[in-house]
Amino acid sequence: MINEVKTTRNILKHSFDDLIKYTEVDVVIAGAGPSGMIASKYLADNKVKTLLIEKKLSIGGGIWGGGMMFPYILVQKDRRIYEILKDFGIKYRSEKDGLVISSIETASKLCAGAVNAGAKIFNGIAVEDVMIRKNRICGVVINWAAVEVAGLHVDPLTLSSKFVVDATGHPSEVSNVVVRKVGRLKTPSGKIEGEKSMWLEKSENLVVKNTKEAFPGLYVCGMAANAVFGAPRMGPIFGGMFLSGKKVADKILNKM
Ligand code: 48H
């Protein structure tokens, strides 16, 4: 007969099994927004041991909010985007200007796609620092997000990975730590170039172009790529995020 203590024991056993199993992985992706979840699926599809770390309890990042909380987002009519929508089973309505998709369906199905492919998601955990050896990022330093919120002085734990992806969106948190503590990024100034004001026509292409290695072992994708390499924002159009997530996965797969 099930009781409270048995419930507790089962939860703890599986949680600790997971934590131990994922202390060494191929790829850590910080941030479960659209670009991070898409990257996770395509890496895990290729048998890459992929851990997605999200500091909030909910996955999805900026998708849930749609455009100013209206629950739809747009993506472009592009062959590669149709393929991604198909891979995740996301339904769309075709308008003259693009494909309209539900923000709620998209957030849920991107998560389902990543998990079904075999990616692991740790939520409520923040990446607060990196591990570095021989001038290469080789892991992340993590702590409960609640510890950060409460301002408690609690030492973190560390996971090793062959590659780290900064998919933390606008604040590009991992790259910021690297600039502060480790050294020059592969940007013109060596620092974070900074996100620029809205210019959709430019930024949707730039976010894909800026998806690349920013420091040995550290890749940037999604809004973090535009923040790090200095490009405009684009509002609630997500084709660039989709293609950026796919591109970072392809780049890492090539390296592996
Ligand atoms: C763990 C962290 C940490 C941390 C943050 O912002 P996101 O949705 O990311 P993207 O880049 O995939 O998508 C961007 C898109 O949502 C967006 O904002 C657009 C298109 N904006 C255009 C505009 O004009 O405004 O998700 C990032 C995720 C979030 O869930 C954060 O909670 C999480 O990363 N996160 N997770 N450790 N240190 N920092």
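Me: Two strands pair if DSSP finds at least two bridges between them. In this predicted model, what makes β4 and strand β5 (residues 98–102) a pair?

Reply: Three bridges join β4 and β5 in the antiparallel sense. The requirement is at least two, so the two strands count as paired. Within β5, L99 is the bridge partner of S94.

Me: Why are β3 (72–75) and β4 (93–95) described as standing at the edges?

Reply: The open sheet has three strands in the order β3-β5-β4, with antiparallel pairing. β3 and β4 each have a single partner strand, so one side of each is left without a neighbour in the sheet. On average, and with direction ignored, neighbouring strands of this sheet are turned by 35 degrees against each other. Helix α4 (residues 103–117) packs on the sheet, where it touches β3 and β5, and its direction makes about 75 degrees with that of β5.

Me: Which strands does β2 join, and in what sense do they run?

Reply: Strand β1 (residues 24–30) is joined to β2 by four bridges, and the two run parallel; V28 stands opposite L51 in β2. Four bridges also join β2 to strand β6 (residues 120–123), again in parallel, and E54 has N123 of β6 as its bridge partner. Together with helix α2 (residues 34–45), β1 and β2 make a right-handed β-α-β unit.

Me: Why is S161 called buried?

Reply: The relative accessibility of S161 is 5%. The cut-off for buried is under 20%, so S161 qualifies. S161 lies in strand β9 (residues 157–166). Leaving aside residues up to four places away in sequence, S161 touches V25, D26, V27, V28, C138 and G139. The C-alpha atoms of S161 and V25 are separated by 4.8 Å, although the two residues are 136 residues apart along the chain.

Me: What makes the span of helix α9 (residues 239–255) agree with expectation?

Reply: At 1.5 Å a residue, the 17 residues of α9 should span 24 Å, and the end C-alpha atoms are 25 Å apart, which agrees. The buried residues of α9 include G239, F242, V248 and I252.

Me: Why are strands β10 (residues 212–215) and β11 (residues 218–220) called paired?

Reply: Three bridges connect β10 and β11 in the antiparallel sense, and at least two are needed, so the pairing holds. The bridge partner of E213 in β11 is Y219. Two residues lie between the strands of this hairpin, in which G217 takes a positive phi near 90 degrees.

Technical notes. Residues numbered from 1 in each chain as written. Predicted model: local features only at pLDDT ≥ 70, side-chain atom pairs only at ≥ 80, totals over all residues. Heavy atoms only, no water. Axes fitted to C-alpha atoms, helices over the stretch in contact; angles between N-to-C directions. Contact = heavy atoms within 4.5 Å. Right-handed = clockwise from strand over helix to strand, strands pointing away. Expected span 1.5 Å × (residues − 1). Buried < 20%, exposed > 50% of the residue type's maximum accessible area, 1.4 Å probe, protein only.
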